[in-house]
Amino acid sequence: MEEDEEEIYQGVRAHFPATFGKQSKPVTPLESLHNATRRPSAVDTDQSTPNDDATTTAKGFPSLSSSSKSWLDSLKNSNPSSRNRSSPNPKRNNDVVIGPPRPPLNSVNGDDDGDDDEDGMIGPPRPAAISEEEEEDGEMIGPPRPPPGDSDVEEDSDGEGEGRFRIPLSNEIVLKGHTKVVSALAVDHTGSRVLSGSYDYSVRMYDFQGMNARLQSFRQLEPSEGHQVRTLSWSPSADRFLCVTGSAQAKIYDRDGLTLGEFVKGDMYIRDLKNTKGHITGLTCGEWHPKTKETILTSSEDGSLRIWDVNDFKSQKQVIKPKLARPGRVPVTTCAWDREGKSIAGGIGDGSIQIWNLKPGWGSRPDIHVEKGHSDDITGLKFSSDGQILLSRSIDESLKVWDLRKMKDPLKVFEDLPNHYAQTNVAFSPDEQLFLTGTSVERESTTGGLLCFFDRAKLELVSRVGISPTGSVVQCTWHPKLNQIFATIGDKHQGGTHILYDPTLSERGALVCVSRAPRKKSVDDYEAKPVIHNPHALPLFRDQPSRKRQREKILKDPMKSHKPEIPMTGPGHGGRVGSTKGTLLTQYLLKQGGLIKETWMDEDPREAILKYADVAAKEPKFIAPAYAQTQPEPVFAKSDSEDEEK
């Protein structure tokens, strides 16, 4: 019975497809998503023409320099690994490869890939392939032999398993949101969160894991009202970050953007900076200790560097005063830790570079002092991981490479790199075979903001990549885990963070959010906006209108704003008292001419009253009728000369 029921069920189920009852959503292939973010670069279109400085594409974006391009074309080596991966554009030419050489894969796969000769590679050439005669002699154990007479390759390819990085230039996305140039950038060590600070006084936080293709930030902060954001730095454990603004107080935030504390401000009336508890003027730069998660470093315009303990916001651990030719206060424009956190480098406003080694009993006297490192303010310093190279970037349009073992003269000076921002930095590639920096836009320039790559071994320009035709490139970094390049751009009207990546080379980061489409709105998402009645919307609670305009109108009216007349005091004429004994001109003239005579002061009052005695008797009006019955005949007192004398 059970077998019969099972056969019947299978027969009925066979009439319906396997996906019956399931609503499958259309899935957009990743290739089309990444094709939408591809850069119009010469790496893809191969529309470059040789030039002295750089080759330019049809859209004006420069690509590889002519010297480096000829060098790349001369290296006719295949790249089997890139062909095996799925790429949205299989016709990728002139791919730039950075890092030690890859071993040939023909011994493993048995596939000789010799058609991919157009791929360019940066670094030493690949070892020679094994000939058939050597294969017949016996199997070879170990890596292939290097070509004879190339001893430099052996030294450079010690870390063959590390840092096989290629420049990811094929695709690009932009994190927007700022209204001015983005001057600060920080990517945590895991590559999941990005911080960007701008001259619009705000900090935006981006999370690749929770962000979709709209590329919107999940939080916006304003650390200090009215002060530009100058530096952002993550802690070694990526649970907190440091924010340095134009104010004198740096702030510490947790990973979610909540304020943990603010460092104290010093007393500006104390002359000796070592006796103040903090900075007294605006900060210029700051960086978290690369190893210790409780220590940070800040530099300021007051001419000092300070080391702080994150657990104590009220006082610093160490105050460093740079060495100056003349006593005074010269601003410290930038600062940096080395990789182990044992040395501090500072760029001084007089153009000098000073380095302090942290050791017991160390003070403000620098261990290395380069007086005239640059002719203008230094905007960025960067140590190499091996502690041998120091890179310095300045507003004098130069980038210098220094050997820390011999700091008298730079190893190389790269000029013609415009720089108009005090936060322009310099960064290393993950394997440190390249270093990169950004350039600013000049008034009559046609190239826009560029990202320049330099070879550390040969000390020459490798590539110049156009980022923005109108915005200057300020901050840049190359994340080792994501293998993605971040570059901040902007001008007075807009700002953003450009992320360069390659779908075949990069990991996570931009690949995660680009492939995540934004959620579509449905009918259920409709919400009627409620009408909110605040107290001032009702007549009962509405404030009385202002009487200011009405008062101003009255003051301008000559009748309403006329001063009241002063009450009369003393003798006068016509209700007015004046120096001319009359307010009207006619009265004055009549008095002077004798037509108006005032005789009342010369008459006897008694006689003046008796003049009207006969008239009062004949026509009584007021007083006489009242006494008509009691005193019909009025009796006037007669004046007696005798009584008056008495």
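Me: This is a predicted model. Is Asp239 buried, partly exposed or exposed?
Reply: Buried means under 20% relative accessible area, and exposed means over 50%. Asp239 has a relative accessible area of 32%. That value falls in between, so Asp239 is partly exposed.

Me: Which residue does Asp239 meet in a salt bridge?
Reply: Side chains of opposite charge can pair when their charged atoms come close. The salt-bridge cut-off is 4 Å. For Asp239 the N to O distance is 3.9 Å, and the partner is Arg240.

Me: Is Arg240 buried or exposed?
Reply: The cut-off for buried is under 20%. Arg240 has 14% relative accessibility, so the residue counts as buried.

Me: How many salt bridges does the model hold?
Reply: The rule takes a side-chain nitrogen of Lys or Arg within 4 Å of a carboxyl oxygen of Asp or Glu. One of the pairs is Arg193 with Asp207, at 3.7 Å between the closest N and O atoms. By this rule the count is 11.

Me: Which residues are linked in a network of salt bridges with Arg193?
Reply: Arg193 bridges Asp207, with the closest N and O atoms 3.7 Å apart. Arg193 sits in strand β3 and Asp207 in strand β4, 14 residues apart. Asp256 also bridges Arg193, at 3.2 Å. The network therefore links Arg193 with Asp207 and Asp256.

Me: How far apart in sequence are the parts tied together by Asp256 and Arg193?
Reply: Asp256 forms a salt bridge with Arg193. Asp256 lies in the loop between β8 and β9, while Arg193 is in strand β3, so the pair ties together parts that are 63 residues apart.

Me: Which side chain of opposite charge is nearest to Arg393?
Reply: Arg393 is in strand β19. Arg393 is buried yet has no salt bridge. Its side chain does make a polar contact with the side chain of Thr437, at 3.0 Å. The nearest side chain of opposite charge is 5.9 Å away, and that is Asp396.

Me: Which residue has its backbone oxygen 2.8 Å from a polar atom of the Arg393 side chain?
Reply: The cut-off for a polar contact is 3.5 Å. The backbone oxygen at 2.8 Å belongs to Gly438.

Me: What is the relative accessible area of Asp416, a member of the negative surface patch?
Reply: The patch gathers Glu415, Asp416, Glu442 and Glu444. Asp416 is placed in the loop between β21 and β22. Asp416 is exposed, with a relative accessible area of 62%.

Methods: Residues are numbered from 1 along each chain as its sequence is written. This is a predicted model: local features need pLDDT of at least 70, side-chain atom pairs count only at pLDDT 80 or more; totals for chains, interfaces and linings use all residues. Side-chain values use heavy atoms; hydrogens and water are left out. Patches are made of residues with over 30% relative accessible area and no salt bridge: like charges are joined within 9 Å, nonpolar side chains (Val, Leu, Ile, Met, Phe, Trp, Tyr) within 5 Å. Accessible areas come from the Shrake-Rupley method with a 1.4 Å probe; for residues, only the protein chains shown count as cover. Lys and Arg count as positive and Asp and Glu as negative; His and the chain ends are not counted. The place of a charge is taken as NZ of Lys, CZ of Arg, CG of Asp or CD of Glu. Helices (H or I, at least four residues) and strands (E, at least two) are DSSP runs, numbered from the N terminus. Buried means under 20% relative accessible area, exposed over 50%, partly exposed in between (1.4 Å probe, protein chains only). A polar contact is a pair of N or O atoms within 3.5 Å; within protein, one must be able to donate a hydrogen and the other to accept it, and residues adjacent in sequence count only if both atoms are side-chain atoms.
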